[in-house]
Amino acid sequence: MFLPESQAAFRTLRKAIPRVRLYFINKNAYSTQVEYKPIRSVLVANRGEIAIRVFRACTELGIKSVAVYSEQDKMHMHRQKADESYMVGKGLAPVEAYLNIPEIIRVCKENDIDAVHPGYGFLSERSDFAQAVIDAGLRFIGPSPKVVQNMGDKVAARVAAIEAGVPIVPGTDGPVTSKEEALSFCQKHGLPVIFKAAYGGGGRGMRVVRKMEEVEENFERASSEAKAAFGNGAMFIEKFIERPRHIEVQLLGDKAGNVVHLYERDCSVQRRHQKVVEIAPAPRLPIEIRDKMTEAAVRLARHVGYENAGTVEFLCDESGNFYFIEVNARLQVEHTVTEEFTGIDLVQSQIRIAEGMTLKELGLTQENIVPRGFAIQCRVTTEDPANDFQPNTGRLEVFRSGEGMGIRLDSASTYAGAIISPYYDSLLVKVISHASDLQSSAAKMNRALREFRIRGVKTNIPFLLNVLENQKFLHGVLDTYFIDEHPQLFKFTTTQNRAQKLLNYLGEVLVNGPQTPLATTLKPAEVNPHVPEVPLVTEPPQGLRDIIVREGPDAFAKEVRSRKNLLLMDTTFRDAHQSLMATRVRTHDLLKISPYVAHKFSNLYSLENWGGATFDVALRFLHECPWERLEEMRKRIPNIPFQMLLRGANAVGYTSYPDNVVYKFCELAVQTGMDIFRVFDSLNYLPNLILGMEAAGKAGGVVEAAISYSGDVSDPKRTKYDLKYYTNLADELVKAGTHVLCIKDMAGLLKPEAARLLITAIRDKHPDVPIHVHTHDTSGAGVASMLACAQAGADVVDVAVDSMSGMTSQPSMGAVVASLQGTPLDTKLDLNDVSEYSAYWEQTRTLYGPFECTTTMRSGNADVYLNEIPGGQYTNLQFQSFSLGLGDLFEDVKKAYREANIVLGDIIKVTPSSKVVGDLAQFMVQNKLTGDQVVEKAEELSFPKSVIEYLQGYIGIPHGGFPEPFRKRVLKDMPRVEGRPGAEMAPLDFDKLKKELRESHGNVSDRDVVSAALYPQVTNEFLHFREKFGPVDKLDTRIFLTGPKVGEEFDVTLERGKTLSVKALAMAADLKTNGKREVFFELNGQLRSVHIPDKEAMKEIRIHPKADKTVKGEVGAPMPGDVIDVRVTIGDKVEKGQPLVVLSAMKMEMVVQAPQSGVVKKVEVKKGMKLDGDDLILIIE
């Protein structure tokens, strides 16, 4: 007898002597002749990580490895890891290719294969496959066909267990093939029961049923899954044991009848009866129970003549009783933990046993098998735990694994660029940790999983991390209810995936153009604005905000009134760029200069930086959160009061809202950093104004009630808005409790003489109330007017830094500062600081060329005294005219604006009333109508929505009432609002809104909820954009607007200490068949690519439509897969939750349910169709 004593000797023997016969006397007193035949080549009839696992064992043993692969797997890693590989099942379905026994045998015969390893799944438990392998003169690396057949047959296995004296669970005597039989058994034996596939395992086709009315549906679904996975839909039914632990014993048997156990594994952490985390050995399992269980498993194996590797599975109840479930006559997915904690290579042992070696020759006697520490296996799958673990497929855009001491990875196709298909199991990689105790092993696993970076598909890693940090898990207190009874396992911190999302955004811009509409053909300048330095190690000087924080609004107002010099409010951060560049200046550029402003302009009255149009534009066009803008500015400017524009009862919107929305908005604004609320109403309608004042005051803000100015108090012929009108309004606002009075001259109509008259009159009546004057410099007289206001007794006037001033913006800061130097009204600002501040904005402004008002407006224009267009509206109106094809007719639009104002009753014009006038003016020019014609033809014209809502009273009641008969002709019998529009509105249910947002967007903040209350559709679109493209506000402005140039390198700072280095490499010239174009980048030195749908090219390609997530009635595929059943047709009425379509993917079936009740308007799928995730299934109205 010759026994190889080393691996080298073993390899030499294999080459030199093809066949050797060995004879030995067994210690157990029986003699056996065992034929030893070295194996020179092994074909693995499987795919993925288990195939690679076997190949590695073969390589270590000096054996040639051979792979088979389906058409769908031709790019899969397992075929590349083998020494040879051959396609099977050409033209067959993906799973059927690996079930094609004749073709696999043919490959073996044609290529001189010695042995076949079945892996797990597919044919591994098919006795006819094992027999076919043996009949072909090959060796099957596994149990004998008879054992495979008997152990795969649940009934035969139960009989064998009974004969071997192993306890069993009550169940059917044989396989059940019809739902009627299933129902009969359940009615006879009671519930709960569990359905199991009679000819396969792994959780496929397994269902627990607790209600009699669910028996038939669950049986059909389970049987269908079993047939798809194993080729046979027969089911086994048994009583379901409550609160069991799922424990399995690993066995090895040789051809001489010897059997040993390699201890047990705890597989209780499972979902849908599929194991998620496995531990070896089973924690907190009493030794006496372990010994009984392992002894029972060995006894059963010897009884059936088991050879090679296998597992006996048990359920163990709380009392320590255990029951036989089944035998897995194959290697299992979780064999790795046994290998790690015993140090025994199970796959090599399988091969050597198949060659004819005995356990003793392998050194695998029971006394030599000693457990060491604890091993844990986590199955990282491409399933989305936040979406009911739906399989997720696609391209791995990024893959970086966790490694290090005590970590083992078993995987396949885990590399950037790999395609995860819907055809097979969702397992991506098995991560195995090993340490001296359970807690240390869990800590290693936790660390390794956190090191993973997987992008392009969803994974279950967030869920696994929650499991690993659960205290019951760490102490080994486990049963199969563990996941179900710990809902906190499903509370995830969403992975931000910021880098990849930003690459997708950059790719989108490069392929499809700017993602925010550009108003002109000008391009952003290639400039990096110089930011003047400030001493960052020191705190900025104290400012007026310290008084607000310390003593409150009243003390602040008193302090402002006590100052003898003129105070300034800087509008550069809001109204200036609203007026000059359509509100498009981004947070990115505002934050850069913020520290300088905090240090150099601490004696400003306030910084106007929020509210008004900035809220809408930030969400709609800049794709950034306005709340984050406010919060980040406050961090950098802690000392200067912030001021916002509050549109009274309209908050920062364009319509009326329920009162509680306005109150909630103000409350949140103060919490986020706002100080002063400049409250106005577009019609000076007192009820709307006072509501806004009350909301701002209750929130703890400084209330600055604003009177919107129109007309000309210095012209005796202009009688509608005379001096008495304004002083009466001032009286009412002071009476209502305003801290500060503001004159809001939104169009720049306040001439110097009118300013003197108005401010003097108000100051005489209210000597103790601070007066703040806001204006625009459209006519060019702004500086003169503001100086007149100051001399007449105003405490504060508005300015913008020089390079952002003039025209439709505010008067020049530098001009006002210089004009008052050395006078009692000296602003105490340093002109050098103003100059440096201006230099930054002069450069920064060039980044916003596409929105620059100077493309059409070269200077101020005194015609504003005629048309009265507000400065903040002027450029927006101009860009709207261009988009409507009226760019060459803008002069006509301005003239029509004047006529429209008269038609509407000569109203106060500021958002939203100014929009009403602007919409009517453009309507008139488009339709070549005069003001008189509009009134005459009012009954037959289709007016803009804003005009109709104004006439209905939805934004309030104008001074002097609505114009008649125009109003009557337009509205006819339409409803009218009497009094304050919001007074009759029911309070908004914020909890309900938050719930709805969470259904669409997952985790949302209170800020998101308030944004949605104000701008429902805009906020919904913003949240979808942010989920798709990430923090685009962190990109430099030119990159954000027009994308990088090919070859350009740039940095993106996500947060302190986290900076991305990006280089745009190339964009593929060829279009992929799915209409996508590949764009290549280098990210932090690593090659990355993204696939972007080319929207223009896709117009010529038939691509299945995607469901619009913002439209609730559009039902999309929750996962990629095949349509196996369509249960509705066009015109059907459906109820919420009603089954619509059944999908199958990764051997799992899913019923797609109706998200709402309604009528099926359109069906986009049919049976047999293959779908990608989010493909449109149908539309419900």
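A salt bridge is a side-chain nitrogen of Lys or Arg within 4 Å of a carboxyl oxygen of Asp or Glu, and by this rule the count in this chain comes to 80 salt bridges. The model is predicted, so local features need pLDDT of at least 70 and side-chain atom pairs count only at pLDDT 80 or more, while totals for chains, interfaces and linings use all residues. Residues are numbered from 1 along each chain as its sequence is written, and side-chain values use heavy atoms, with hydrogens and water left out.

**The chain as a whole**

- The secondary structure comes to 42 helices and 44 strands, where helices (H or I, at least four residues) and strands (E, at least two) are DSSP runs numbered from the N terminus.
- Of the 1181 residues in the chain, 60% are buried, a word that stands for under 20% relative accessible area, with exposed meaning over 50% and partly exposed in between (1.4 Å probe, protein chains only).
- Along the principal axes, the C-alpha atoms fill a box of roughly 125 × 65 × 60 Å.

**Salt bridges**

- The side chains of Glu339 and Arg53 meet in a salt bridge at 2.6 Å, N to O, and this pair links distant parts of the chain, since Glu339 belongs to helix H12 (residues 335-342) and Arg53 to helix H2 (residues 48-61), 286 residues apart.
- Glu339 counts as buried at 5% relative accessibility, and Arg53 is also buried, with a relative accessible area of 8%.
- Glu469 and Arg450 form a salt bridge at 2.3 Å, N to O; Glu469 counts as partly exposed at 39% relative accessibility, and Arg450 counts as partly exposed at 43%.
- Asp1094 and Arg1077 meet at 2.8 Å, N to O, and because Asp1094 lies in the loop between strand E36 (1086-1093) and helix H42 (1095-1098) while Arg1077 lies in strand E35 (residues 1076-1083), the pair ties together parts that are 17 residues apart in sequence.
- Both Asp1094 and Arg1077 are buried.

**Helix H25**

- The 13 residues of helix H25 (residues 686-698) should span 18 Å at 1.5 Å a residue, which agrees with its end C-alpha atoms being 18 Å apart; the expected span is 1.5 Å times one less than the number of residues.
- The buried residues in H25 are Asn688, Leu689, Leu691, Gly692, Met693, Ala695 and Ala696, and what covers the buried residues of H25 includes strand E27 (642-646) and helix H24 (659-672), by contacts, meaning heavy atoms within 4.5 Å.
- Gly700, which follows H25, has a positive phi near 95°.
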